[in-house]
Amino acid sequence: MTIKHHLTENLLMGYAAGTLPEAFNLVVASHVSMCDTCRAALESYEALGGAVLESRGVDLADDGLAACLARLDDAPVADRPAPVRPVPGALPAPLRDYIGGDIDAIRWRPVGGGVKQAILPTSDAASARLLFIPAGAAVPDHGHRGMELTMVLQGAFADETDHFGRGDVEIADEELEHTPVADIGADCICLAATDAPLRFRSLIPRLLQPFLKI
Ligand SMILES: [Zn+2]
């Protein structure tokens, strides 16, 4: 497996600092569990930790290193899944914890055009969902109001920007309007996290948006 599309420094640092919404943490933990490059970067940020201590209002001179480390241990971990290495071919461990099983345990809901989704339970700051895109099918053309992270778990997809395979993360912002299309060879399953409602361009998905929670 060759991962081409990685996490940004900001996302890795945000994860290390515990400042990302839970849905984004889930994407980071899942990618890091499959990516040696990002895992090494994350470990260096976690070792560094200076920015974290600053943001938590810890005074190094007063508290000393031990106290700082203790403070770090107090960081909420429930919404920061640990990046454990995955079983080959299966979902990353952080995701399996959310689903309560592997791919066969996902409770899909149809979205239309053969596309299915499963909303994952995360905090309201951002939403996370699994997307099932049948081989050769497209997700409706849409733009974004915030940031959207899409990680490929199975199969692959391509859009106007590039081609994304297993483990790859596409980072989309308000600039990007795209139509992801799954490769012909296999159904594509993605983990997508977004911190704002998507702006679908065609009418029907926009009408359905409040019900689909995407
Ligand atoms: Zn990576």
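## Close-up views of a predicted model

**View 1. Strands β1 and β2 form a hairpin.** In β2, Gln117 is the bridge partner of Arg109. The model shown here and in the other views is predicted. Pairing between β1 and β2 is antiparallel and runs over three bridges. Two residues lie between the two strands. Gly113 sits in the turn, with a positive phi of about 65 degrees.

**View 2. Six strands make an open sheet.** The order is β1-β2-β3-β10-β5-β8, and the pairing is antiparallel. The edges are β1 (109–112) and β8 (169–172). Each has a single partner strand, so one side of each is left without a neighbour in the sheet. From one strand to the next, the twist averages 25 degrees.

**View 3. Strand β3 pairs with strand β10.** Residues 127–133 form β3, and residues 188–194 form β10. Seven bridges join the two strands in the antiparallel sense. Ser127 has Thr194 in β10 as its bridge partner. Helix α2 packs on the sheet and touches β3 and β10, along with β2 (115–120), β5 (148–154) and β8. The direction of α2 makes about 135 degrees with that of β10.

**View 4. Helix α2 covers residues 22–34.** How far apart are the end C-alpha atoms of α2? They are 19 Å apart. At 1.5 Å a residue, the 13 residues of α2 should span 18 Å, which agrees.

**View 5. Helix α2 packs against helix α3.** Helix α3 takes in residues 36–48. The axes of α2 and α3 are 6 Å apart, at an angle of about 115 degrees. The crossing is left-handed. On the α2 side, the contact holds His31, Val32, Ser33 and Met34. On the α3 side, it holds Asp36, Cys38, Arg39 and Leu42. By type, the contact residues of α2 and α3 are four nonpolar, two polar and two charged.

**View 6. The whole protein has seven helices and eleven strands.** The protein contains 214 residues, of which 47% count as buried. Among contacts in the protein with a separation of 6 or more, 66% are between residues 24 or more positions apart.

Notes:
Residues numbered from 1 in each chain as written. Predicted model: local features only at pLDDT ≥ 70, side-chain atom pairs only at ≥ 80, totals over all residues. Heavy atoms only, no water. Helix = DSSP H or I, 4+ residues; strand = E, 2+ residues; numbered from the N terminus. Expected span 1.5 Å × (residues − 1). Pairing = 2+ DSSP bridges. Axes fitted to C-alpha atoms, helices over the stretch in contact; angles between N-to-C directions. Contact = heavy atoms within 4.5 Å. Left-handed = near helix turned anticlockwise from the far one by under 90°. Nonpolar A, V, L, I, M, F, W, Y, C, P; charged D, E, K, R; others polar. Buried < 20%, exposed > 50% of the residue type's maximum accessible area, 1.4 Å probe, protein only.
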